[in-house]
Amino acid sequence: MKTRLALSWFLTAIAGLLAAASPDKRPNILWIMSDDHAAAAVGIYGSHLAPLDPTPTLDRLANEGIHFTNASNTNSICTPSRATLLTGQYSHTNGVRTLFDPLPPERHMLPRLMKQAGYETAMIGKWHLHDEPAEFDYYCVLPGQGNYFRPSFRQMGAGEWPDNLMYPKYTYNSTHSSDVITDLSLRWLKQRDQGRPFFLMHHFKAPHDNFENAERYDFLWDDVTIPEPASLRDVPNHGSAATAGTGTSIGKRNPRRNMGHHMFVNPDLPDDEYLTVSYQRYLKKYLRTVRGVDDNIARLVDHLAGTGELDNTIILYTSDQGFMLGEHDYIDKRWMYEPSLQVPFIVRYPAMIEAGSINTDLVNNTDFAPTLLELAGVAVPDSVQGRSVVPLLQGETPSDWRQATYYRYWMHMAHHDNPAHYGIRTRDFKLIFFYGLALDATGAKPDPTRPGWELYDLRNDLDERHNVYADPAYRDVRGRLKEQLLNLKAEVSDTDESYPALMQVRETAWGN
Ligand SMILES: [Ca+2]
């Protein structure tokens, strides 16, 4: 017995000496995320906004790494998106369908497995789940949406959740949330255990509305006319009966909900002029908060370069979802339309990724958790519905990669008047079914008889200006996509069991 104990002690001591002699060389993982950052407002994506050069740092990361041009989310709203990112599961599986659904810490799979694998883990910035980020080694997160200026935080060790509020020490020119969150991450990076690799979730509040930029950006693009999206004024055949009159507008299109009055636009201006002024003000406010995000990412990158850790750190950038920036005269997210569905997705890691790579495969936000786990050398649990994109990072698309991505939004007519819907997006087409209760013709009360179908041919209409659902030329496509949608819905295990009233509408509508 004594011999065995001595041997055990001896082996442990040897292991300790070996560990000390060869520090853990696994790559660090820095996952930067912003809130509502549309791909159109990232320069590398080449949209009409690219000439403004809104994101020089992100463009640099993409040029030194890879960017994905078909990265979708699966339910375009904050809390559900974050639950999907932590679990690798669709909203109907993890139960976080709406802003109000909880996700208990025992289901925060991603940080728990990263920690178990020996990564030093931290969550800093916007969290926006209701439960404590208890699975991390450290957290310092905004309560709920948090404030743009002089934000308070909930910090691990500062008391019981959710009363553990703390106020970081503010320094001059560092009271804006993007600056403070970055200060906090830099502080953590400098103080952490240098003998282990880190997994840091650095998540900005910006550019979520209501946009407020740091003072130094007050006059950025002041003398510039922001280019308009092609569909801002030209929406001849976009939408359907289900969406007519819905969604917050920038101009006067939706008289009940428009951004013009928040932008202090003179309501007496003619409609067209009102839209012009409102759009310019709205976009400038948004883009100034975007630049604040980008400049702070530069601070993180500079720090890593200064400590020699840059090339041994996998840097991922994305947003919790996209955002409508005037396309079809909409703002906000929630829609399955491209600007809201797509997210920017950039990865820099020169040891694995060829500089300047572009990937066009259909990836979605169930893929993030398995990707991060594989990058950390951790086995992906069976509970995950997504798939690691690591082969894609290396320039190899598996032959059985997904050919379609599923989407569902549940918060029917909440906040910005978006009807609930689900749909399928393939490389070439998008089919959306608005199954819920829409407003009646007067906008006064729900009318359960107005489901709507929309079909867009993305091969020649990526701006989704022409709903071709009723076009006889698309009859075969329509039928094929409906079948594909039902199959995919079953494959990801979504059902309508919780929505019997809507099921009724669905049954009548599928026959059309
Ligand atoms: Ca968001």
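## Calcium site and sheets in a predicted model

Strand 1 and strand 8 (residues 198-203) pair in the parallel sense, with five bridges between them. Within that pairing, M33 has H203 of strand 8 as its bridge partner.

Strand 1, covering residues 28-34, is mostly covered, since seven of its seven residues count as buried, that is, under 20% relative accessible area. In a regular strand the side chains alternate between the two faces of the sheet. In strand 1, N28, L30, I32 and S34 point one way while I29, W31 and M33 point the other way, and all are buried. Strand 1 is also joined to strand 9 by seven bridges, and these two strands run parallel; here W31 has L316 of strand 9 as its bridge partner.

| Strand pair | Sense | Bridges |
|---|---|---|
| strand 1 and strand 8 | parallel | five bridges |
| strand 1 and strand 9 | parallel | seven bridges |
| strand 16 and strand 17 | antiparallel | four bridges |

The calcium ion has as its protein donors D35 (OD), D36 (OD), C78 (SG), D320 (OD), D320 (OD) and Q321 (OE1), which lie 2.1 to 2.7 Å from the ion. C78 lies in helix 3 (residues 78-87), whereas D320 lies in the loop between strand 9 (313-319) and strand 10 (324-325), so the pair ties together parts that are 242 residues apart in sequence. Along the chain, the donor residues follow the spacing D-D-x41-C-x241-D-Q.

The angles among the six donor atoms of the calcium ion range from 51 to 150°, and the site is irregular. For six octahedral donors the ideal angles at a metal are 90 or 180 degrees. Both C78 and D320 are buried; C78 counts as buried because its relative accessibility is 2%. C140 likewise counts as buried, because its relative accessibility is 0%. The count of disulfides in the model comes to zero.

A second open sheet consists of four strands in the order 15-16-17-20, and its pairing is antiparallel. The edge strands of this sheet are strand 15 (404-409) and strand 20 (452-457), each pairing on one side only. On average, and with direction ignored, neighbouring strands of the sheet are turned by 10° against each other. Strand 16 (residues 421-426) and strand 17 (residues 429-434) are joined in the antiparallel sense by four bridges, and G423 stands opposite I432 in strand 17. Helix 11 (residues 475-491) packs on this sheet, where it touches strand 15, strand 16, strand 17 and strand 20, and its direction makes about 110° with that of strand 16.

Notes: Residues are numbered from 1 along each chain as its sequence is written. This is a predicted model: local features need pLDDT of at least 70, side-chain atom pairs count only at pLDDT 80 or more; totals for chains, interfaces and linings use all residues. Side-chain values use heavy atoms; hydrogens and water are left out. Donors are N, O and S atoms within 2.8 Å of the metal (3.2 Å for Na, K and Ca); water is not among the atoms, so sites may look incomplete. Four donors count as tetrahedral if all angles lie between 85 and 135 degrees; four count as square planar and six as octahedral if opposite donors are over 155 degrees apart and all others between 65 and 115; anything else is irregular. Buried means under 20% relative accessible area, exposed over 50%, partly exposed in between (1.4 Å probe, protein chains only). Two strands pair if DSSP finds at least two bridges between them. A disulfide is a pair of cysteine sulfur atoms within 2.5 Å. Axes are lines fitted to C-alpha atoms, for helices over the stretch in contact, and angles run from 0 to 180 degrees between N-to-C directions. Contact means heavy atoms within 4.5 Å.
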